[in-house]
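Here are a few friendly notes to read alongside the model. I begin with the overall layout and then turn to one helix and one of its residues.

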Amino acid sequence: MRLVVDLNRCQGYAQCAFLAPDVFAMHGDESLLYDPEPAAEQRESVLRAVAACPVGAILLELTDEDVADSVSQEAAVAGAGAGSGGSR
């Protein structure tokens, strides 16, 4: 996953830094620092941060590997739930 923040659009609301502090950090009142290639473990917090940006300044690019990991996780969850149904 790759991040790009439009620093001209960013208004320093810091919602991203609050939701994903290992990826985003405010430097002073208006300067945002961020990791453009966060670790896979940060995926959920990064998704929340992207969604929470009030001005839409954070762009997220998912790589093919990210998509494959997401599909694998969804399949594992679906498979785990498949055997739990009872008969009537």
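1. Reading from the N terminus, the elements run β-α-β-β-α-β-α, which comes to three helices and four strands. Helices (H or I, at least four residues) and strands (E, at least two) are DSSP runs, numbered from the N terminus.

2. A word on the source: this is a predicted model, where local features need pLDDT of at least 70, side-chain atom pairs count only at pLDDT 80 or more, and totals for chains, interfaces and linings use all residues. Residues are numbered from 1 along each chain as its sequence is written, and side-chain values use heavy atoms, with hydrogens and water left out.

3. Of the 88 residues of the protein, 23% count as buried (under 20% relative accessible area, 1.4 Å probe, protein chains only). Of the contacts (heavy atoms within 4.5 Å) between residues at least 6 apart in sequence, 64% join residues at least 24 apart.

4. Helix H2 (residues 43-52) has Ser-45, Val-46 and Ala-49 as its buried residues. Seen down the axis of H2, these fall within an arc of 100°, so they line one face of the helix; the arc is that of the directions from the helix axis to the C-beta atoms. Their cover includes strand E1 (2-5), helix H1 (15-19), strand E2 (24-27) and strand E4 (58-61).

5. Do have a look at Ser-45, which is buried with a relative accessible area of 13%. Leaving aside residues up to four places away in sequence, Ser-45 touches Leu-19 and Ala-20.

Key. Buried means under 20% relative accessible area, exposed over 50%, partly exposed in between (1.4 Å probe, protein chains only).
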